Amino acid sequence: MAPDQLRSLTSIVAHRIWDWHIWIGITLASFLAFRVVVSFLQKGGQRTAGKLARLKARAAQGDPTVGKAVWVRYSYRVFYVILAVMVLTGLILVFEDYFSSIEHTVKEIHNVTMYLIIAFVIAHIVGVVRAEVTTEPGLTSDMIHGGEPADNA
């Protein structure tokens with residue numbers, strides 16, 4: 001192929017990849033919105049705040065095994081905040097015509113949050129494998145099959 005044809009072809013491929021990126025981002029935004037709505041509709045004992053309160057109560061009673069669980073719950077909260085920032089900056093970039101004055105800053109924030117999410121996913125996978133192999137065998141199976149039922153409190 002001639003160089004001009006190759007440039008044209010790569011431009012088409014790059015445009016299609018960008019379109020996929022946008023649609024995946026919009027899907028992620030929809031999933032995040034759904035997760036937020038579901039979290040408000042959950043029963044008290046199923047809510048993250050309820051689970052965290054029970055863990056803190058166990059820690060106050062001197063249970064040494066809950067320290068890691070409390071840390072994990074807070075790390076999930078941080079993850080959702082980072083994910084929300086990524087989704088919001090992505091949506092701003094999709095509608096960049098309305099936000100041209102802050103476009104560069106938003107792109108930088110979007111890129112940084114991408115690396116933070118990748119780091120969290122890697123840490124999560126390493127943590128799950130470590131827990132599965134050491135202290136919590138069956139953890140992966142419980143995640144897939146739902147584990148024990150949540151209390152109705």
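Buried means under 20% relative accessible area, exposed means over 50%, and partly exposed is what lies in between. Keep these cut-offs at hand for the views below, which show a predicted model.

**View 1. Asp 63 and Arg 58 form a salt bridge.** The two side chains meet at 3.0 Å, N to O. Is Asp 63 buried or exposed, or something in between? Asp 63 has a relative accessible area of 25%, so this residue counts as partly exposed.

**View 2. Glu 136 and Lys 68 form a salt bridge.** Here the N to O distance is 3.4 Å. Where do the two partners sit? Glu 136 is in the loop between H4 and helix H5 (139-145), while Lys 68 belongs to helix H3 (residues 67-94), so the pair ties together parts that are 68 residues apart in sequence. Glu 136, at 34% relative accessibility, is partly exposed. Lys 68 is partly exposed as well, with a relative accessible area of 41%.

View 3. Lys 107 is partly exposed at 38% relative accessibility, and Glu 103 is partly exposed with a relative accessible area of 22%. As background, side chains of opposite charge can pair when their charged atoms come close. The count for this model comes to 3 salt bridges. In the protein chain there are 14 positive and 12 negative side chains, and the centres of these two sets are 9 Å apart.

**View 4. Thr 113 is a buried residue of helix H4.** Helix H4 covers residues 103-133. Why does Thr 113 count as buried? Its relative accessible area is 6%, and the cut-off for buried is under 20%. Which residues does Thr 113 touch, leaving aside those up to four places away in sequence? They are Ile 82, Val 85 and Met 86.

**View 5. Phe 34 is an exposed residue of helix H1.** Helix H1 takes in residues 3-41. With a relative accessible area of 58%, Phe 34 is exposed, because the cut-off for that word is over 50%. Now look across to Thr 105, which is 71 residues away from Phe 34 along the chain. The C-alpha atoms of Phe 34 and Thr 105 are separated by 28 Å.

**View 6. Stepping back, the protein chain has 5 helices and 0 strands.** Read from the N terminus, its elements run α-α-α-α-α. The radius of gyration is 21 Å, well over the 15 Å that the globule rule gives for 153 residues, so the chain is more spread out than a compact globule. Along its principal axes, the C-alpha trace spans about 70 × 35 × 25 Å. How much of the chain is buried? Buried residues make up 15% of the 153 residues. The chain exposes about 11,600 Å², and carbon and sulfur atoms supply 68% of that area. Among contacts between residues at least 6 apart in sequence, 50% join residues at least 24 apart.

Technical notes:
Residues are numbered from 1 along each chain as its sequence is written. This is a predicted model: local features need pLDDT of at least 70, side-chain atom pairs count only at pLDDT 80 or more; totals for chains, interfaces and linings use all residues. Side-chain values use heavy atoms; hydrogens and water are left out. Helices (H or I, at least four residues) and strands (E, at least two) are DSSP runs, numbered from the N terminus. Buried means under 20% relative accessible area, exposed over 50%, partly exposed in between (1.4 Å probe, protein chains only). Contact means heavy atoms within 4.5 Å. The radius of gyration is taken over C-alpha atoms; the globule rule is 2.2 Å times the number of residues to the power 0.38. Accessible areas come from the Shrake-Rupley method with a 1.4 Å probe; for residues, only the protein chains shown count as cover. Lys and Arg count as positive and Asp and Glu as negative; His and the chain ends are not counted. The place of a charge is taken as NZ of Lys, CZ of Arg, CG of Asp or CD of Glu. A salt bridge is a side-chain nitrogen of Lys or Arg within 4 Å of a carboxyl oxygen of Asp or Glu.
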